[in-house]
Amino acid sequence: MTELPPIIKPEAVPGTHRVLIRVSYDGTHYAGWQRQQNALAVQQVLEEALCKLTGERIVVTGSSRTDAGVHAQGQCVHFDTTSRIPADKYPFALNTCLPTDIRVLAGMDISSDFHARFDAKGKCYTYRIHNAPHASALYRNLTAHVPQKLDFERMQRSLPCLLGTHDFSAFQASGGTAKTTIRTLESVELSQHGDELTLLVKGNAFLYNMVRIIAGTLMDIGMGRIPEDAFQRALDTGDRLALGITAPASGLELTQVFYQQPLIGQLLFGMVK
């Protein structure tokens, strides 16, 4: 995979040990992951729960800065603490202090030089589209509703060109601060089950709103609004206008974060590899 620019990790707090947890949340009522001054974010709620639990003012670091309304099943978060609570007991302890739309699913001890964001070697995102005449009453906050019938085969045919290493500059929303727009996508899969279309995208890293732009473009391709080769045109020209809309945040989920250490996959996600 393409190497990203070198990063400098913040040093661990002296006298503490580092814990890594997996966090799931429904992002509907939050202004994203990152703490903000004038809105409630998931990071703030988690830090307040940790303070209540340990009596310490703890700053947590997440693997991904998900936007407002975006969900997570696999947000990985590290923090430093002097607490003697065993790492695998944090889910049980923290979930008594957290609202029901935020859950800690697993925890483990990790080395003090580990960084949840900078050590990630890849991520997997899921985007869900509810393709039916009427929006879902039950899943309205977890999907993007498209009432017009989508051409599933047309959408599938458009995807293979995204695989591999490319300059994805056209796939970045304004406000992105990435030092390079070169990214590697390992897999891009679209499946259909009844009225739900599910897009699964795995890559080494993602640009600002990249997955939502891919999903929105797929929707426009499926509705026949833009050419089937829109992705290829955008890769060739770097032109954002060759692509479709930025899909709503409600359909996006951070599904999994991948690290070099096999134990993280085993303990946090229950994976053999």
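## Ground rules

Residues are numbered from 1 along each chain as its sequence is written, and side-chain values use heavy atoms, without hydrogens or water. Because the model is predicted, local features need pLDDT of at least 70 and side-chain atom pairs pLDDT 80 or more, while totals for chains, interfaces and linings use all residues.

## Helix α1

Helix α1 spans residues 42-54. Helices here are DSSP runs (H or I, at least four residues), and strands are too (E, at least two), numbered from the N terminus. From first C-alpha to last, α1 reaches 18 Å, close to the expected 18 Å. That expectation is 1.5 Å times one less than the number of residues.

Several α1 residues are buried, among them V42, L46 and L50. Buried means under 20% relative accessible area, exposed over 50%, and partly exposed in between (1.4 Å probe, protein chains only). The cover over the buried residues of α1 includes β1, β3, α2 and β4. Just after α1, G55 has a positive phi of about 80°.

## Cysteines without disulfides

The disulfide count is zero. A disulfide needs two cysteine sulfur atoms within 2.5 Å. The closest cysteine sulfur to that of C51 is in C97, 10 Å away, so C51 is too far for a bond. For C76 the closest is in C124, at 12 Å, again too far. C51 is partly exposed at 32%, whereas C76 is buried at 0%.

## The nonpolar core

The largest nonpolar core has 79 residues, and F231 is one of those touching the most other members. Helix α4 gives the largest share, eight residues. Such a core joins buried Ala, Val, Leu, Ile, Met, Phe, Trp, Tyr and Cys residues through side-chain atoms within 4.5 Å.

Beyond its neighbours within four places in sequence, F231 has contacts (heavy atoms within 4.5 Å) that include L162, F171 and I214.
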